Every structure is written in structure tokens, then in C-alpha cells.
Amino acid sequence: MGTLDRARSDLQALALTAETEIGRVAGAFEDLAGHTGAMLDLAAELVGCVESDSMGAVLNEVQSLGAAARLFIQERLQATAGILETVTGEVALLRHLAHLTQGQKSVARESNSLSVLTSIEVARLGSVGSGFQYLAHELAEFSRSVTEDARVLATEADDRRQQVEEARRALGREIPRMHAEFARIEAGLGAALAVADSSFAELSRIPVQFRQCVQEIAGQIAGVVAAIQAQDITRQQIEHVQEGLTLISASFEDSAPEAAAAHACAGLNIQIYQLRAIKQTVAGWASQIQTCMGGIMRISSSELVAIGPVVLGQERELSSQLARIERLEQECLSYNESVQHALGGLSSLMELVREHLDRSKAVRDRLQLLMFNSIVEASHLGGDADAILAISQSIKRVAEEWSGITDQSAQAMQQMMEMVESTGRVMHAFSDASNDGLRTAQEQTRAGLEDLRGNVETAGRQALKMNDATARLQSRIAQAGDVGQLFDGCLSRVDAVLGSLEGLHRESGADLPRTRGRIDAAEVERIFSSSYTTEMEREVLRAALRGGPLPSLQQQLGGNDVELF
Amino acid sequence: MKQILTVDDSGSVRQMVSFTLRKAGHEVSEAVDGKDGLTKAGGAKFDLIVTDLNMPNMDGIQMIAAIRKLPGYSFTPILMLTTESQAEKKDAGRKAGATGWIVKPFNSDQLIAVIQKLIK
């Protein structure tokens, strides 16, 4: 009886101590949870900066800049490949032009000879041949004009050919180096964009990590909330054991000695089971509180605190990539002048050839007219004009030859137009106008990065506040102490009560073979079940009556749902 | 923001209920037992009450029955928050006028979600 009274009294003291200690834990937890909440709010603001529209926009801008810079470089790479081809083609064309001017000079010489012959024949024919004086004059004029045109064209073409050949030699040395340089720039750009992409990928992971962290902390807070409530369940369980011990005392007083001993023995066994279950429950929720508090503590070292510096680092990285792209652009622009110098001037030559061609066509028409006129005039004179007729036939041959040269000039002109077109493409690639797309992308990216910098500065300020909040949280955690140690006292007191009840059970069960047959399990359950109101206690009661192992008690980290009526 | 009364003889449970509901943006008052809860409900109008079952002086079921007789409390949601899970106890709670039953420990998210639904 004395042992039971002591056990009841110890349990009462234990319940009071546990209530006091859990109160301290609850206070510390509420404080921690408050600080954790403040940290989460700060982190949410930081993440808000990362997730802002300007952040998404700057990603698009950097990607556009990357595309524009790649196009810029690729156009130049393709253009460098076409420069030598264009220049070589131009040299060949200029040689062909030189050949054509030689033919023109030959025609001019022949025309001059025909003019002299015509003048001689006009003199021989006297007044009859005066009509051919005009022919002699025209032939002389034609010869002079063609000679002059051919000279001008030959001089221009020769100058141009020398210039182009010199440029070709220079480009032959320069282009492989230029090509290698552009390839290097393109590779550098690829690396820069890969770094930018990876920076954004890292930034885009931050909100996801934050949400995971928030979810984890919410789960841990829910775990602490549930575990602290579990103490109330334990308190009730202790009260129920106290009630059970009272019933055991009563059964000693009221029943027949043998039946009372049997019921008291069974009742003690039930209380021992209940106390073991209580011990298991206390250890479970103490461990749950410890785990969850530890989880909350870990947020001080989590990536949340590092968000600000990470965002700042990404912005710096992007800005340096932008500066690098600008440097690459400058390097490319330095090639523009040499390429413009090599390819410029072709269009002015083409203008000259065009004028020459127009004149050649006019000359061809005039030669044909002269030829027909002289043939008609000579046929009127009959046998006296045989020589003039022969001159007319020669004019016809010269006109045909001239017509051939004119056709070839027209073809050369066509080739030259194609060449001017391809040269124009190359020159455009190396012109300032070709940088427009890149410049626009650079300006947009620069503006986007400025917005980002603004956000990052805000994020930096939030990160500083967060560091302060972390320090405060850590200080509170240090004040709260080790939750595990806090509950060690509770567990040792449960152990003490359990030990005394187990001793009493062993003593009263010394003559168990004699009393075993008299235990009425249904009656024992009826007596003690009214004390146990929770499902857990009823399971423990059934296990004690069966003599089976203690049921495994699952801690519910998230707690129970609401049942609405 | 709604006015909520939590009634429990366990200080730590009251603290956890208050913590959870304040975090959800509500104003929470506390009572230490059924008698205290009835007095506080009579002195102010609460939008919702969360109460324990087993308490000294006046238990949760008696308190609910008494509160239902107070003016303005006929349709106020009252949730039982208890370790008890027996059907006969739940039935007694429903008959006294409880709106719902939660076996301790409660799930914070579920509790907030149900409260939002009940006091909308």
C-alpha cells in the first residue's frame, strides 16, 4: 500500500514537473518560431527580388544579346571567307577588261586606217566622192573617241588591278589571322553566354529552394506544435495511471484476499505497460521537438541567408559578360577599316565601265549606219566606187568586231554588278550599320542589368537584416538549451516510478501460479478500461491483458485532422 | 481578422493553439477551464471557440451547452480539441452543440483551413 501511495505521489509530482518544463519549451519555441517567421518574411522579400519581372526580362535581354552577338560574329566569319574569293574574281575581271580594251584599241587603229583610206579615195574621186568626206570624218572621230575611252578604261582598270592585287596579297596574309581571331571571339562569346545561362539557372533555382525550405520549416513548426500538445496527452495518461493505482488500492481493501491479489497483480501489470508506453511517448515527443528545433536552427546556415550575396554575384557576373561582349565588338570593328579599304572603289570602276558600255553601244549603232550609208552611196557611183565599197565592207567587219567587244563588255558589266553585290554584302558585314542589332541588344541588356542591380541592392539590404535575424535566432536557441537534456529529468522520474511498480508486481506475483487461475481478464478490463480514454491507452491495455509486446506508438508529426459534424 | 477563444487547462496547448491562430492572422483570447471560458464568452463576442473536453471546474461539453444558451452564440462554430476519441464522447459533444472534433495533437494547416471555412 505504501509503495502504491508513493508511486501515485511521484506520478503527480512528475506531471507537474513535465507541465512546467514543457511550458518553458513552448515559450522558447514560440520565440524561435517568431524569429523564424521574421527570417522567412525577409527571405520571401529576397526571393521576391529574384522572381521579379525585371529579373525575367533581363534573362530575355541577355539571351537576345547573346543571339545578336553570335550573329554579329558569324556574319563576319562568313564575310571573311568571301573576301578573298571576291577580290580574286575582281582581279580576273580586271584582266578581262584589259583584254577588251586591247581589242578596242585594235578596232580604233583599224578605223583610223579606214578613215585615211577613205580620205585618199575622196580626193581621187574629186567632186563625185565629196559625199564620202563625212564618212572619213566619222571614222576618224570614232577612232579618236575609242582610243581615248580605251585609254581611260585601261588606265583605271590597271590602277584598280594593281590596288586589288596589293589588297589581295595583304588579305592573303591577314584573313587567316582574322578568321582565327573571329573563331576565338565566337568561342569566347559561347563561354560567356554559357556562364550567363548558368548564372540564371542558379538564380531560377533560388525560389524553388526557398519554397522547399519554407515547406520544410513549416513541417518542423507543425511537428513542434504537435509534440508540445502530445505533452498534454502524456499528462492525461499519467492521471489515468494514478486513477488505476487508486483502483488497485481499493481492490486490496474491498475484495476477498486471493481475488484482490490477482486483480491487483493484473492491474499493476497494466500500469507498468501504461508507464512504459508513457516513457516511449515522452521520448518520442522530446525527440520530435529536438529534431524539429534542430531543423529550424539549420535555416541559419541554409541557402536563404546566402540569397543576397548569390544574387549580387550573379549580377556582377552578368555585367562582366556584357563588358566582355562590348570588348569583342570593339575588336571586330578594328577590322572594318582594312576590309573597307580592300573592297572600296569597285563601284566607281563599275560606273566607268557602264558609261563606256553605253558609248560602245552608241558607236556600234553609228558604225552600222555609216556602213549602210556608204554601201548605198557607193552602189550609186558604180565602178568608180569599188574602193569605197571595199572600205564599206571593212567598216562592216569592224562594226561586227566592235559589236562582239560590246557584248563582252556587257557580260563583264553583268559580272561586275554581281561582284559589287557580293562585295556590298561583305562590306555591309564590316560596316557600322551591321552593329545596330548588337547595339540595341546591348542597350536593352544594360538597362535590364540596371533594374536588376536595383533589385539586388534591395536584396542586399534584406540579406543584412536576415543576418541580424539569424544572429538573434541563434542567441534564442542558445538560451533555450538542449531540449533532450530538459526531458531527461522527466524520463528518469518515470523510470523511478516504473522500477517501484515493477518491484511491487514481482512481490505480489511471487505466488502467481496459485492466483493465475483466478484472474478474470474480462473483469480486469472492465475495472480498468474506464480510466483509459485515448485509443493509444486502450491498445496498451489490450497488450497488457494479452501479455504481448508493447504496441508501436507512432508519433504524428503533422497532427490530426478536424472532423466536422 | 477574427476573434477566437481557446479554452484548455494545459498552458502549453493554449499556447500552441494561440500561436497557430495568430500566425494565421486571428486575434486569440485564452481561458483556463470551462468556467473561465463561459465567463469570457459572456463578456465578449467571439467568432469561433476551440475547447478542450476534460478540464477542472467545468468540462468542455458543459461549457458548450452553456455557451449555446448565451445570446448571439447559437451558430458560433465551436471545435472540441481533446485526447478523447470515443464515439460516445463525440456524440455527447455534438448533442451539446459542438461543430467539430479534433483529436490532439491537431494538424496546424488543417485547423487553419477548417477555421477559415467556418468563419468565412
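Q: How many residues of strand β4 (residues 78-82) of chain B are buried?
A: Five of its five residues, so to speak of a predicted model: β4(B) is mostly covered.

Q: And which residues of β4(B) point one way, and which the other?
A: Ile78(B), Met80(B) and Thr82(B) go one way, while Leu79(B) and Leu81(B) go the other, and all are buried. In general, side chains in a regular strand alternate between the two faces of the sheet.

Q: Which way does strand β3 (residues 48-51) of chain B run against β4(B), parallel or antiparallel?
A: Parallel, with three bridges joining β3 and β4(B). Ile49(B), for instance, has Ile78(B) as its bridge partner in β4(B).

Q: Let's switch to the contact between the chains. How many residues does each chain put in?
A: Chain A gives 33 residues and chain B gives 38. The area buried between the two chains is about 2,900 Å², and carbon and sulfur atoms give 56% of that.

Q: Which three residues of chain A supply more of its buried area than any other three?
A: Gln229(A), Val562(A) and Phe565(A), which supply 24% of the area that chain A buries against chain B.

Q: What about salt bridges, how many does the rule find across the interface?
A: One. Lys90(B) pairs with Glu563(A), and their closest N and O atoms are 2.8 Å apart.

Q: Which elements of chain A each supply at least two residues to the side that touches chain B?
A: Those are α1 (2-51), α3 (133-254), α12 (535-546) and β1 (562-564). Helix α3(A) gives the most, with 11 residues. By class, that side of chain A has 14 nonpolar, 11 polar and eight charged residues.

Q: Back to β1(A): which strand of chain B is joined to it by bridges?
A: Strand β5 (residues 100-103) of chain B, through three bridges, and the two run antiparallel. Glu563(A), the salt-bridge residue, stands opposite Trp101(B) in β5(B).

Q: New topic, Gln274(A). Why does it count as buried?
A: Because its relative accessibility is 2%, and buried means under 20%. Gln274(A) lies in helix α4 (residues 257-298) of chain A.

Q: Which residues does Gln274(A) touch, leaving out those up to four places away in sequence?
A: Gln274(A) touches Val241(A), Tyr532(A), Glu537(A), Val540(A) and Leu541(A).

Notes. Residues numbered from 1 in each chain as written. Chains lettered and ligands numbered in written order. Predicted model: local features only at pLDDT ≥ 70, side-chain atom pairs only at ≥ 80, totals over all residues. Heavy atoms only, no water. Contact = heavy atoms within 4.5 Å. Buried area = accessible area lost by both parts, 1.4 Å probe. Salt bridge = Lys/Arg side-chain N within 4 Å of Asp/Glu carboxyl O. Helix = DSSP H or I, 4+ residues; strand = E, 2+ residues; numbered from the N terminus. Nonpolar A, V, L, I, M, F, W, Y, C, P; charged D, E, K, R; others polar. Pairing = 2+ DSSP bridges. Buried < 20%, exposed > 50% of the residue type's maximum accessible area, 1.4 Å probe, protein only.
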